[in-house]
Each structure stands twice: as structure tokens, then as C-alpha cells.
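Biologist: I have a model open here and would like to go through some of its side-chain contacts with you. Can we start once it is on the screen?

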Amino acid sequence: MKTALPAWLADGHRHIWLPYTQMKTAAAPMPVVRTQGTHIELADGRILIDGIASWWTACHGYNHPHIAQAVRAQLDSLPHVMFGGLAHEPALTLARRLCGLLGPGLERVFFTESGSVSVEVALKMAMQYWFNQDEPQRRRIVAFRGGYHGDTFGTMAVCDPGVGMHAAFDGAVPRQDLHELPTDDARAEALDAWLRGHADHVAALLVEPLVQGAGGMRMHAPAVLARLREMADRHGILLIFDEIFTGFGRTGTMFAFEQASVRPDIVTLSKALTGGTLPLAATVASRRVFEGFWSDDPAHALMHGPTYMGNALACAAALASLDLFETEPRLAQVRGIERALRDGLAPCKALPHVRDVRVQGAIGAVELDRAPDRAALCRAFLDAGAWIRPLGSVVYLTPAFVMPPEELRRLTDAVCTVLAAPPA
């Protein structure tokens, strides 16, 4: 028997516009009434294991009491105040702690509310840095095929249109320079040769370190980041690491770039920054970049300022999330998840329609030879008690770091079982 939709969903669905959804043909979304730990509870009483941690944000699971208490306490004292001309303790303490975690050289934090905007700010920083150095011709950004950096106009320009969702804006967006990642000597030489002829017009290289997330969970070795750092230094270009997806333990280290023993000039952070509770993002710049704006000339200031920049509630949540990385064994848990994903997804390698199986930290991806019927797959996963939402031709798992082994096994079993006999 078909369960009736809750009134709030039936009535409200006529007025909501959902993300990445053809509203005319899509079924109504699953009505969620509460979350706890690694579980999502639906209005009809079903409890799902969340296999993707709400787009990779809920790294500590849902409703962690330490984060909840921090947000309640902050709400009682100072929920928000404008960041223009004023400041508050949660934002400044968070900036200090983030710089401490990122390590020497990354010294200045600019807060925003979303990952896309943090990348926009990084692009503005890079371009204006060169403007302030009397090299205004440096306006080009080198990004990479398979990459995804957001949905705003500036970030659409640095996404791979072949894997992105922005075909309708082709021609309206000032397309930047897309290249193959230098994953081997031939590609590295091709990129280096191009830079030899164009570096004087390039502001920065932009890359998602170790894993290109929404572009298909494409993974590359730390050596790629080392190559990019060498090229950036050789050609006098800034290097931006987009760690929105990979930051805060997802790849096995606190930040993905640590595995390459190199440092960016600018890094962007979001997603798990607040443990999946409140919107917050950060663009963190090196001393070199910041000093490019340090001037008596007002025109050299960075002219950007989101209304909710440095929101105190979000900063309190982020501080509590960082506490948990210090007091609970998150990176050890990620190592355990990595082993479980490798073992649990291995049977998929034998399936005829599977092109590849990839694992990095708490990321497991099964790439199919063609894009599946996502709605049908989602229904099959729901029947298995799992919330798993494929991304193009990739079925992926990005669980909370606190997920118990038996629940993780249920997720990998669901992926293997459903893909062995995919719904028509």
C-alpha cells in the first residue's frame, strides 16, 4: 500500500524548487522528520543508514551533543553580528585554530557561507593579487578536466563542462583554461609547455587535491600536487587547493594536501567545517598573498563581504567540530572505513557493467560504464534501508566517520547487491 505524504510535504512541494531536479517529472523527495548518529528517519517510520553524510558534511554523524551544546550556548549570547567594523570571539578563535591546523604560511582567513563563494573569493584574491602587483593582465585561471568547484558564475567558469551541470550557460560564462591533470610525464610536459607560453597571463592554478569530488570521485596520487607546486613556482603562478570536499579528514589526513608535503598559496574549506550543522566556508591565504593587499591604497583592499560572514553560530559549531577531531579518534576511524570500503566494494570489480572501483580514505566509488536510472537505483537502495544517491555514472559512499562497522557493511552489501542486478 502506498503511504500518504505528510501534509507539509504535499502542500509545500507545490511551492519549493529543489536542487538538480527536473521538477515536472521527479518524484517528491523523501520526508525526513529527524536524524541521529548515522541515521535518517522518514515520516513513515523507516530508518535509513545515511551513506553520503548529507553531501559529505556530517563527518561526526548527526546531532552530536558537543556541537549541539556549543550552538545552544552561542545562541543565548550572540547569534550574529555584522563583520564590518565589528568582530567576535568565535570567528577570531576559529581563524586562529584553522591556521594552526593548516600549518606555517597559511595565515589569513576570510569567512563566507558556502563552498562556491569561498572559491569565488579565492579567484578574486588571486586575480587582485596580481592587479596589486601591477600585472593586471593576469586574469586567467588554469583548472582541470574532471573538476567541479561550484555553481555560481565564477565557479562555473572553472568547472569541467563535460562533467558539470552548466551546459545552458555555455557562452555566457567566461570560460577559463581547462587542462588534463598532470598524472603522468606526458601530461605534465604538455601543461608545462602551455604555461611556458601563457604564464604571464595566468593568475593561478586551481585543483581539488587527491579527489575530484562532484565531477565523478576521480582520484589521483599526491605526486600530482607536487608537480603542480613545482610548476606554479617555476612559472611564478599562485596555487589554489579546493579542499571543500577533501578537507577535515575525508581523504585520511586532516587536509588532503598534507599527503603531498606541499602547501598551497590559497586553500578553500567548507562542507565538514561545521560538522554538517550550519553553513560556513573559509578561504585561507598565505602570508605572500595577504601582503599583496597590505597597502595604504584603498583600491588594494579585498572588496568582498557576505552579510553573514563569520556568523557566530556557525563559528561556534566549527569550533566544536574541531574539538571532536582532537578528542575523538576521527582519523583512525577514517583508516578503518577505508579498509572496510576496499573489502566491501571489491566484489563490484567483477560485475560486467562496472568500469572501476576506487577508494581513498572515507570515500568509496563504483564507476559504471554508463549513467544509471538514478531514481530506480535510489528506490532499490531505499528498499535495502540505505540512503545512497548516485552521481552521474558513479555510485559512491562517503559515510560519517563514526559509522559502526556493521552499518558500513550493510551499505557496501547494498551497493554490491543492487549493482549485481540493477533495476530496469
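Modeller: In this predicted model, the side chain of D242 makes a polar contact with the side chain of H149, at 2.7 Å.

Biologist: OK, where is D242 found, then?

Modeller: D242 is found in strand 10, which covers residues 238-242, and with a relative accessibility of 4% D242 counts as buried.

Biologist: And what else does D242 touch, leaving aside residues up to four places away in sequence?

Modeller: Apart from H149, the residues that D242 touches on that basis are V119, Y148, L206, V207, E208, P209 and T268.

Biologist: Which positions does UniProt list under "binding site"?

Modeller: The UniProt entry, which is unreviewed, places that feature at G115, S116, D242, P306 and T307. These positions span 193 residues in sequence, and their farthest two C-alpha atoms are 22.8 Å apart, so they do not all gather at one spot. From this set, G115, S116 and D242 belong to the lining of the second largest pocket.

Biologist: What about T307, is that one buried or exposed?

Modeller: T307 is exposed, with a relative accessible area of 62%, whereas D242 is buried at 4%. The place of T307 is in the loop that runs between helix 9 (287-291) and helix 10 (312-327), and, if residues up to four places away in sequence are not counted, T307 touches H80 and E113.

Biologist: Switching to charges: how many salt bridges does the structure hold?

Modeller: There are 24 salt bridges in the structure. Side chains of opposite charge can pair when their charged atoms come close. One of the pairs here is D185 with R227, whose closest N and O atoms are 2.5 Å apart.

Biologist: Which elements do D185 and R227 sit in?

Modeller: D185 lies in helix 7 (residues 185-198) and R227 in helix 8 (residues 222-235), so this pair ties together parts that are 42 residues apart in sequence. As for accessibility, D185 counts as exposed at 60%, while R227 is partly exposed at 22%.

Biologist: What does E135 pair with?

Modeller: The side chain of E135 meets that of R138 in a salt bridge, with 2.9 Å from N to O.

Biologist: Last topic, the strands. Which residues of strand 16 are on one side, and which on the other?

Modeller: In strand 16 (residues 394-397), V394 and Y396 are on one side and V395 and L397 on the other; these residues are all buried, and both faces of the strand are covered. In a regular strand the side chains alternate between the two faces of the sheet.

Biologist: How many bridges are there between strand 14 and strand 16?

Modeller: Strand 14 (residues 363-368) pairs with strand 16 over four bridges, in the antiparallel sense, and A365 stands opposite Y396 of strand 16.

Conventions:
Residues are numbered from 1 along each chain as its sequence is written. This is a predicted model: local features need pLDDT of at least 70, side-chain atom pairs count only at pLDDT 80 or more; totals for chains, interfaces and linings use all residues. Side-chain values use heavy atoms; hydrogens and water are left out. A salt bridge is a side-chain nitrogen of Lys or Arg within 4 Å of a carboxyl oxygen of Asp or Glu. Helices (H or I, at least four residues) and strands (E, at least two) are DSSP runs, numbered from the N terminus. Buried means under 20% relative accessible area, exposed over 50%, partly exposed in between (1.4 Å probe, protein chains only). UniProt positions are given in the numbering used here, feature names are shortened, and annotations may be inferred rather than shown by experiment. On a 1 Å grid over the protein atoms alone, a cavity is a set of points where a 1.4 Å probe fits but cannot get out, and a pocket is an open set with protein on both sides within 12 Å along at least five of seven lines; lining residues have an atom within 4 Å of a point. Contact means heavy atoms within 4.5 Å. A polar contact is a pair of N or O atoms within 3.5 Å; within protein, one must be able to donate a hydrogen and the other to accept it, and residues adjacent in sequence count only if both atoms are side-chain atoms. Two strands pair if DSSP finds at least two bridges between them.
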